[in-house]
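Please keep the picture in view while I talk.

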Amino acid sequence: MRILNIKPSDETPLVKFDPEAGTLELSGRSLPEDAMSFYEPLITWLDNYSKEPADKTIFYFKLDYFNTASAKQLLKIFWHLEELFKTKKSVTINWYYHKNDHDMLASGERFAKLTTVHFNLIPYK
Amino acid sequence: MGENPRANFNFIYDLYRGMVQDGLTVLYRGHITPEITTLVLSTAENNLNYLNYSNTINRRVYFTLVEALQNITRHYLHNSASDSRLFEFFSLRHFKGDFLVTTGNTLEAQAKEKIRQRIDLVNSMSKDELKAYCKQILEKSEFSDKGGMGLGLPEMARKSGNKLAFDFVDYSDALAYFFFQVIISGSETNNASDQNQRYFENSINQHRFMVHNNLMMVYQGDCSQANVKNVIGMIDQVLMDKKELRKKKRILNVIVELLQNISKHGDGADNKTEQRPGIFIMGKKDSNYVLTSSNIVHERKAEDLIKKIERVNKLNFDELDLSINVKLMNNDNNNKGAGMGLLDMKLKSNNNIIFDVKPLNDEYTFFSIQIIISDTEPTN
């Protein structure tokens, strides 16, 4: 299985999903109008990854901004990770937010409530 | 933005009437940075595609924008004074078939005379004289310490075919505010000078209006995604004040949702194109930011939208929170967006959504939405 590498643009985030290391990173900003088209390949990749996952999967969430259209797609990603978690694999979501960004913390808390995967809410300066 | 936020909708409606005829207005009051120049150029380019002028006219508009904006970034005082009357100003309008590029900035009062002489000299020249003058400057090709060659003014005059308009407003003994305008005629014939004078006065009045109402940005044009990015980029530049950083993200959040709303659900001026005409205005009242968007909406959709807004406005914080979760979990793939825009705007602003609807004819309405971003935090 190949690494999924997508360069960031003005409206879409950097994506680096590494199947061997089990590290999935999303960083930058996500505000595409048609979020579904952007996130579809990520979901497909996760489907395939779930068939042969690494022992330990860590999702590094480092977005500093996302629109509501992206929010829905993010939940889909978290639900895929939840499915993986249910197969007794180790799955963690590291949700990074700027220490003053209460909205991003609140969003992390919201997603954490909507899934059973463990969320680490990590402030940065 | 006036005592009563609703009163402001009349101004937007006036803009709309212009929109049908003219299709493009960008008014900006804040720091003009090289980043702003890039964003304005990109916005102009995207909009010029819909206005169907010849490449020659498009190039002239583009050239004038670059020169006029670089004139500010290169030459003038960047005044960070707290007096907002001194903020730099930029305006691009497509108006009655002509393009108006206007700038405003502070300069040292002692520089006035030199600038006046330079512009008067350029304005006194015939087309041939201007051509020879530009050639002469090019041949000398001496760069000033500010990086220019002094070719900007004569080239703008030559390419536009119109006289350069300018005026100074004294601010103090040491400072003056300088207005400058270039008119690019949409047709090959040059405009009558009294017509150009009216354009200039009109643009200065718009600046006055923006100062009076503390508006930072007015955008009227295509609101499809390419320009949404540009508008966001410009707002990024307007809100450079570190004290405002916390509000900045909420403002960007709301703007993205407002504009993507137009882009997704707005009715185009012409169904054959992707163009989504709309208006976006950002202003400040006390410490609150007032964000307004308007566009043309089919009457049936407008009724739906009103019901949705009224439903969202009735929700308390807990209900709002729950509604967002329900929307997030709803696995409806037919909706390109998430259908959460209104909920999110109320959540982020912690204020009710204000709206105004004006029927245009039996089928269409002009729909405005206003969001006020205040200092208050949402309460649990």
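Among the contacts in chain A between residues at least 6 apart in sequence, 68% join residues at least 24 apart, where contact means heavy atoms within 4.5 Å. Before I go on, please note that this is a predicted model, in which local features need pLDDT of at least 70 and side-chain atom pairs count only at pLDDT 80 or more, while totals for chains, interfaces and linings use all residues. Residues are numbered from 1 along each chain as its sequence is written, chains are lettered from A and ligands numbered from 1 in the order in which they are written, and side-chain values use heavy atoms, with hydrogens and water left out.

Staying with chain A, we find three helices and six strands, and here helices (H or I, at least four residues) and strands (E, at least two) are DSSP runs, numbered from the N terminus. Read from the N terminus on, the elements of chain A follow the order β-β-β-α-β-α-β-α-β. The radius of gyration of chain A is 14 Å, close to the 14 Å that the globule rule gives for 125 residues, so chain A is as compact as a globular protein of that length; this radius is taken over C-alpha atoms, and the rule is 2.2 Å times the number of residues to the power 0.38. Along the principal axes, the C-alpha atoms of chain A fill a box of roughly 35 × 25 × 25 Å. Of its 125 residues, 54% count as buried, a word that means under 20% relative accessible area, with exposed meaning over 50% and partly exposed in between (1.4 Å probe, protein chains only).

Let us turn to chain B and its strand β5, residues 175–185, where eleven of the eleven residues are buried. B:Leu175, B:Tyr177, B:Phe179, B:Gln181, B:Ile183 and B:Ser185 point one way from β5(B), whereas B:Ala176, B:Phe178, B:Phe180, B:Val182 and B:Ile184 point the other way. Which strands pair with β5(B)? Strand β3 of chain B, residues 98–108, pairs with β5(B) in the antiparallel sense over eleven bridges, and pairing requires that DSSP finds at least two bridges between two strands. Within that pairing, B:Val101 has B:Val182 as its bridge partner. Strand β4 of chain B, residues 165–170, also pairs with β5(B) in the antiparallel sense, over six bridges, and there B:Phe166 is partnered with B:Phe180. With four residues between them, β4(B) and β5(B) form a hairpin.

Next comes helix α8 of chain B, residues 225–238. Its 14 residues, at 1.5 Å a residue, should span 20 Å, and its end C-alpha atoms are 20 Å apart, which agrees; the expected span is 1.5 Å times one less than the number of residues. Twelve of the 14 residues of α8(B) are buried, so the helix is largely enclosed by the rest of the structure. What covers these buried residues includes β3 (23–30) of chain A, and, from chain B, elements among them α2 (34–51) and α9 (245–265).

Finally, consider B:Ile324, which lies in helix α11 of chain B, residues 317–329. Is this residue buried or exposed? B:Ile324 counts as buried because its relative accessibility is 3%. Leaving aside neighbours within four places in sequence, B:Ile324 is in contact with A:Arg110, B:Met340, B:Leu343 and B:Leu347.
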